[in-house]
Amino acid sequence: MHRAGRKMGTRREQPQFIVSPQRESGNVSGSSHVRERLIETIETDQILVSEKKSWKNFFSYMGPGFLVSIAYIDPGNFETDLQAGAQFKYELLWIILVASCAALIIQSMAANLGVVTGKHLAEHCRFEYSKVPNFILWILAEIAIVACDIPEVIGTAFALNMLFNIPVWAGVLLTGLSTLVLLALQQYGVRKLEFLITFLVLTIAACFLAELGYAKPDASEVMHGLFVPQLKGDGATGLAISLLGAMVMPHNLFLHSALVLSRKIPRSASGIKEACRYYMIESGIALAVAFLINISVIAVSGAVCNSSNLNPEDQKSCRDLDLNEASFLLKNVLGNWSSKLFGIALLASGQSSTITGTYAGQYVMQGFLDLRMEPWIRNLLTRCLAIVPSLVVALIGGSAGAGRLIIIASMILSFELPFALIPLLKFTSSKAKMGVHANSLMLSAVTWMIGSMIMVINIYFISSSFIKLLLHSKLKLVYAIFAGILGFSGLLIYLAAIAYLIIRKNKESTQLLALTMREDQQIPREDIVNMQLPQRRTNNVEVD
C-alpha cells in the first residue's frame with residue numbers, strides 16, 4: 001500500500017505526495033514503493049467539518065450544490081425555456097418539474113458516491129471498466145462538456161450584441177478571450193466571483209418574477225401545465241428533450257461527485273450520514289431556486305407571446321424567439337434598460353457556467369485518464385471546440401441559427417445522459433462500493449424509472465425524426481435505403497452501448513477506502529481543491 005507521504009507537523013500543512021489511485025490499486029513488485037508526485041505542495045484552505053453534531057455544520061457543506069446549480073440556469077436553459085413558452089405556452093412546464101425532481105435525486109446520488117468512497121464518478125469508471133469502454137466513456141463525456149459550452153459561447157455572443165451592438169459572429173470569436181477574463185477575476189477568489197454571478201442571475205430572475213405580475217398568467221393553466229403531462233403539436237417532443245438535456249446534464253454528475261471531496265468530513269458512520277443529508281438539503285435549496293427561475297421564464301414567455309394585445313413587432317419576435325430577442329419580455333419591469341440588464345445577466349450566466357464546465361473537464365480528464373491540465377489550457381481547448389460550430393452557424397444562419405444550435409446542443413446532452421447516469425446508478429446501488437450507504441430498493445426503482453423514461457423519449461425522437469427525414473428527403477431510393485441502413489445501424493449501436501452498461505456486472509472488489517482507512521491513513525483530496533480554487537504554491541522539499 002502506498003503512503004501519501006509523512007504527516008506534517010501542523011494540521012494546515014498538507015502531505016507533499018498524493019499517490020495515483022490507479023497506481024495504488026496496481027501490482028507492486030517486491031518491496032519497491034514507487035511514489036508518483038501528482039501535485040506540488042499547496043497551502044490550501046480545505047474546509048474542515050467539525051466532528052460535533054450541530055446544525056451549523058450545514059454551512060460547511062454549502063457550495064458544491066450551488067455551484068452545480070449554475071448549470072441549471074445557463075443560457076441553454078434560458079433559450080429552451082423561452083421557446084417552450086412561446087410555442088407551447090404552459091404545456092411543457094411538467095418537464096421542468098419532473099427534470100428538477102430527477103435532478104435532485106441524481107445529484108444527491110452523485111454527492112453520496114464521492115462522500116462515501118472518497119473517489120468521484122470518473123475515477124470509478126476508470127477502475128470499473130476496461131480500457132476501451134473507459135476511453136469511449138471519456139470521449140462521450142468530453143463531447144457533453146463541449147455541447148454544454150456551445151450555449152455559453154452563443155449566450156455570451158448575444159450578450160455582447162445587446163450591450164455593445166457587436167455582431168453575433170464577432171461575439172462568438174471574442175468568447176475565446178473569456179478564458180483570460182475568467183482567470184483575472186479568479187485572483188479575487190472563486191467564491192467571491194460566484195457570489196457576484198449568482199447575484200446578477202438572481203437579479204434577472206427577480207425581473208421575470210416581477211414580470212409575472214404584469215403578464216398575469218392564468219393560475220389554473222399554469223398548474224395544469226405543471227401536473228398534467230402532454231406532448232401536443234409539431235416539435236413538442238424535440239423541445240421536451242432539449243428541456244431535459246438542459247436540466248439534467250451528464251457533466252454535472254462528474255462535477256458534483258468531485259466537488260464534495262474538497263470537504264474533510266468526519267469518517268464515522270454518523271459523520272458520513274450527516275454529510276450525505278446536508279448535501280441533499282443544499283442541493284434541494286439550490287435546485288429549488290433554479291426551478292423557480294425556469295418556471296418563471298416559461299410562464300412569462302408563454303403569457304406574453306400568447307397575449308392578444310401584442311403589437312406586430314413583438315409578434316414577430318415571439319415567432320422566432322431566442323436569447324437575442326428576449327429582452328422585450330422585460331419591458332414592463334425594466335423599460336428601455338431591459339436589453340442592457342438582460343445582456344448583463346446573460347453574460348454573467350454564460351461566464352458562471354464556463355467555470356463549472358472548466359472544473360468538470362478537469363475532473364473528467366483526471367478521473368478517466370489520470371491526466372491533469374492547467375485550467376486555462378483546459379478552458380481554452382474546450383472553448384475552441386465550441387467556437388467552431390457556433391461560428392459557422394452564426395455566419396450562415398445569424399442569431400436565429402445560433403439559437404437553434406443551442407437547442408441541438410441541449411438535445412445532445414439528453415442523448416448522452418445514459419452514459420453517465422447508468423454507471424452512477426450501478427455504482428451507488430453496489431454494496432461493495434457503498435456498503436450500508438448503497439441505494440435502497442425503492443430509490444433504485446425510482447431512479448431506474450427516471451433513466452428509462454429519458455432513454456425511451458430519446459430513442460423515440462431519434463427514430464421518428466430520422467424516418468420523417470427519409471420520407472421527406474429528395475434522395476433517390478437507393479441512397480435513401482443506404483442512409484436508412486446507416487442511421488438505424490447507429491441507433492442499434494447506441495442501444496447496444498446502453499445495454500452493455502446495464503447488463504455488465506460490477507467488479508466485486510471493494511472501493512470503500514474512505515470507510516476502511518483510518519483518518520491518518522486517508523489520501524487527502526488536495527488535487528480536487530487544487531483544481532477548484534486558485535492556490536499559492538510553496539517550495540517545500542520533497543519527502544522520500
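**Helices, rings and a disulfide in a predicted model**

Helix 7 is mostly covered, with 27 of its 34 residues buried, where buried stands for under 20% relative accessible area, exposed for over 50% and partly exposed for what lies in between, computed with a 1.4 Å probe on protein chains only. The model is a predicted one, in which local features need pLDDT of at least 70 and side-chain atom pairs count only at pLDDT 80 or more, while totals for chains, interfaces and linings use all residues. Residues are numbered from 1 along each chain as its sequence is written, and side-chain values use heavy atoms, with hydrogens and water left out.

Helix 7 covers residues 131-164 and reaches 48 Å from its first C-alpha to its last, which is close to the 50 Å expected at 1.5 Å a residue; the expected span is 1.5 Å times one less than the number of residues in the helix. Helices here are DSSP runs of H or I with at least four residues, strands are runs of E with at least two, and both are numbered from the N terminus. Just after helix 7, Asn165 takes a positive phi of about 60°. Asn165 lies in the loop between helix 7 and helix 8 (168-174), and it counts as exposed because its relative accessibility is 63%. A second residue with a positive phi, although it is not a glycine, is Lys89, at about 55°. Lys89 is placed in the loop between helix 4 (75-88) and helix 5 (93-117), and with a relative accessible area of 25% it is partly exposed.

Two buried residues show how helices meet other parts of the chain. Ser242 belongs to helix 12 (residues 236-247) and counts as buried because its relative accessibility is 0%. Leaving aside residues up to four places away in sequence, Ser242 touches Thr80, Ile407, Ser410 and Met411, a contact being heavy atoms within 4.5 Å. Val222, in helix 11 (residues 219-227), is also buried, with a relative accessible area of 14%. Its contacts, again not counting residues up to four places away, are Tyr90, Leu93 and Pro217, and its C-alpha atom is separated by 9.6 Å from that of Trp94, which is 128 residues apart along the chain.

How are two aromatic rings described as a pair? By the distance of the centres and the angle of the planes. Rings of Phe, Tyr and Trp (its six-membered ring) pair if their centres lie within 6.5 Å, and planes under 30 degrees apart count as stacked, over 60 as edge-to-face and the rest as tilted. The structure holds seven such pairs. In one of them, the rings of Tyr61 and Tyr278 have centres 5.7 Å apart and planes at 40°, so the pair is tilted. This pair links distant parts of the chain, since Tyr61 sits in helix 2 (residues 58-61) and Tyr278 in helix 14 (residues 269-305), 217 residues apart. Tyr61 is buried at 0% relative accessibility, and Tyr278 is buried at 11%. Tyr61 also pairs with Tyr279, edge-to-face, at 5.1 Å centre to centre and 75° between the planes. Because Tyr61 lies in helix 2 and Tyr279 in helix 14, this pair ties together parts 218 residues apart in sequence. Tyr61, Tyr278 and Tyr279 form one aromatic cluster. Arg277 lies over the face of Tyr278, at 5.3 Å from the ring centre; a charge sits over a ring if NZ of Lys or CZ of Arg is within 6 Å of the ring centre and within 35 degrees of the ring normal.

The structure holds one disulfide, a term for a pair of cysteine sulfur atoms within 2.5 Å, and it joins Cys305 to Cys318 with an S to S distance of 2.1 Å. The torsion about this S-S bond is about -80°, so the disulfide is left-handed. Cys305 lies in helix 14 and Cys318 in helix 15 (residues 312-319), so the pair ties together parts that are 13 residues apart in sequence. Cys305 is buried at 13% relative accessibility, and Cys318 is buried with a relative accessible area of 8%.

Confidence remains to be considered. The chain averages a pLDDT of 77, and 78% of the residues score at least 70; pLDDT is the predictor's confidence in each residue, from 0 to 100. Over residues 513-524 the pLDDT is below 50, and this stretch has 25 contacts in the model beyond near neighbours in sequence. Residues 533-544 likewise stay under 50, with 27 contacts beyond four places in sequence.
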